[in-house]
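I'll jot down what turns up as I go.

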Amino acid sequence: MAPSLENYALRQRRFAPLNPALAESSDAPRLKGIVFDVDGTLCLPQNYMFTEMRKALGIDKKVDILHHIRDLPTAAERTAAAEKIKAIEREAMRHQQPQPGLVDLMDYLQSRGLLRALCTRNFEAPVRHLLQNHLPAHVFLPIITRETPGLLPKPDPAGILHIAREWGLDNRAENLIMVGDSIDDMTAGHTAGAATVLLVNEHNSHLKDHAHTDLYIDRLDELIDILENGFVGHQGGGKTPTSDREG
């Protein structure tokens, strides 16, 4: 289970510039790596999938899709429901389009030697499809999906904390950034101790002022200048949490 959000005080998040010349004079913590969501973050949103999934499962918008499947009474029902949503995801992956600025950002992070990982509520096939078709020269390790054994999906912070441990970090995810487009991404990152960056689209602009969002961007490559010159998030506090999520 995710730890209580009350344990994580809202504070301004800062990281030293990735530009070595600027980093020398910075007293901010060093950024060790970035965790990315996939759908809506590395590729353009395909939110129609969630409507199709809920229709296939016979549930309304207020019901979390993965929680619904996990709570079905028999293994046979869980397997059948999981296959229904996988079929929708497989069809959608044929139409994946990369986010503007995706390759430029990844080339920059690679040039700065920054670790990169993925944490998604998707299953593996669409993730591999995106990487093979749009980021063949880039490595993301580890890759956490909803089917990774022993880890609950976002908004639980387990996947991000697992990544931090795999990277040999001993202070939870304090030296990481979580980049995503949903409340699940922001909450998972925040409760893991990471700084969070929201990639804004027409469906999620209300999350810009969410207590769990440290910074927001309109394009992925906006992160290049931000990281090069030093990440500075909002100060936090005085923000009203929301509870809506997709997927």
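Predicted model: local features only at pLDDT ≥ 70, side-chain atom pairs only at ≥ 80, totals over all residues.

**Cysteines**

How many disulfides does the structure hold? I get 0.

I wanted the reason, so I checked sulfur distances. For C43, the closest cysteine sulfur belongs to C119 and sits 15 Å off, which is too far for a bond; my cut-off for a pair is 2.5 Å. Looking from the other end, C119 is in no disulfide either, with the sulfur of C43 as its nearest cysteine sulfur.

Buried or exposed, I asked next about C43? C43 counts as buried because its relative accessibility is 0%. C119 comes out at 4% relative accessibility, so I put it down as buried too.

**Cavities**

Next I searched the whole structure for cavities of 30 Å³ or more and got 3. I picked the second largest cavity, with a volume of about 50 Å³.

Which residues line the second largest cavity? I wrote down D39, Q46, M49, E89, A92, M93, Q96, N122 and P126. Sorted by type, that lining has 4 nonpolar, 3 polar and 2 charged residues. Helix 4 (residues 75–93) supplies the largest share of the lining, 3 residues.

Where does the second largest cavity lie relative to the domains? Its lining takes residues from domain 1 (17–44 + 96–232) and from domain 2 (47–94), so I place this cavity between the two.

Key:
Residues numbered from 1 in each chain as written. Heavy atoms only, no water. Buried < 20%, exposed > 50% of the residue type's maximum accessible area, 1.4 Å probe, protein only. 1 Å grid on protein atoms, 1.4 Å probe; cavity = no way out; pocket = protein on both sides within 12 Å on 5 of 7 lines; lining within 4 Å. Points joined across faces, edges and corners; volume = space filled by probe spheres on them. Helix = DSSP H or I, 4+ residues; strand = E, 2+ residues; numbered from the N terminus. Nonpolar A, V, L, I, M, F, W, Y, C, P; charged D, E, K, R; others polar. Domains from an automatic or database assignment.
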